[in-house]
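Welcome, and please load the model in your viewer. We will go from stop to stop, with something to select at each one.

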Amino acid sequence: MFGISFSELLLVGLVALLVLGPERLPGAARTAGLWIGRLKRSFNAIKQEVEREIGADEIRRQLHNEHILSLEQEARKILSPVQEPPKPAEHSIAPPPVADIAPVVEHTPAPPAHTPTEPASTPVASPAPHDPTLPPRAP
């Protein structure tokens, strides 16, 4: 534990025998043993408590990391682009494929033909170009 060899323990025992004497040495050894036992138990209890706290901290850290990972996965699901295009509803009409759409050409209506039997009419003033009640004109 402290790196004390047998020869060092024997030296300490001889000094204690000389200092305390043969009458008090057994009682002192018993008291020293009790104190050493109490210290060992105290250190072991402290060590176990610290290990439990470290283990509890580790478990808390793992749970926190798992919670963060689950939140990150949910955020990825929400923010990731949709892989499949949404399917059209059964009651709606799907637009035709882009290749099948013909270009839209606007046709201007032909002016009415003037028949010779009709009398020539007086010119009518054309409405203002910004009149919202009229359909749009072709350029």
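**Stop one: the helix from end to end**

Begin with α1: this helix has 74 residues, yet its end C-alpha atoms are only 70 Å apart, short of the 110 Å that a straight helix would reach at 1.5 Å a residue. That expected span is 1.5 Å times one less than the number of residues in the helix. The model is a predicted one, in which local features need pLDDT of at least 70 and side-chain atom pairs count only at pLDDT 80 or more, while totals for chains, interfaces and linings use all residues. Residues are numbered from 1 along each chain as its sequence is written, and side-chain values use heavy atoms, with hydrogens and water left out.

Where does α1 bend by about 115 degrees? Select glycine 21: the bend is there, and proline 22 follows within four residues. The bend is the angle between axes fitted to the seven residues ending at a residue and the seven starting there.

Now show the whole chain as a cartoon. The protein chain has 1 helix and 0 strands; both are DSSP runs numbered from the N terminus, helices being H or I with at least four residues and strands E with at least two.

**Stop two: the surface**

Switch to a surface view. The protein chain exposes about 13,900 Å², and carbon and sulfur atoms supply 66% of that area. Accessible areas come from the Shrake-Rupley method with a 1.4 Å probe, and for residues only the protein chains shown count as cover. Of the chain's 139 residues, 1% count as buried (buried is under 20% relative accessible area, exposed over 50%, partly exposed in between).

Next, select Leu39, Phe43, Ile46, Val50 and Ile54, which form a nonpolar patch with about 510 Å² of accessible area together. Patches take residues with over 30% relative accessible area and no salt bridge, joining like charges within 9 Å and nonpolar side chains (Val, Leu, Ile, Met, Phe, Trp, Tyr) within 5 Å. Isoleucine 54 sits in helix α1, residues 6–79, and counts as exposed because its relative accessibility is 52%.

- Select glutamate 49 and arginine 52, whose side chains meet at 3.6 Å, N to O. Glutamate 49 is partly exposed at 37%, whereas arginine 52 is exposed at 52%.
- Move to aspartate 57 and arginine 60, with their closest N and O atoms 2.6 Å apart. These two are 3 residues apart in helix α1, so about one helical turn separates them.
- Finish on glutamate 58 and arginine 61, where the closest N and O atoms are 2.6 Å apart. Glutamate 58 is partly exposed at 35% relative accessibility, and arginine 61 is partly exposed at 45%.

Notes: Salt bridge = Lys/Arg side-chain N within 4 Å of Asp/Glu carboxyl O. Buried < 20%, exposed > 50% of the residue type's maximum accessible area, 1.4 Å probe, protein only.
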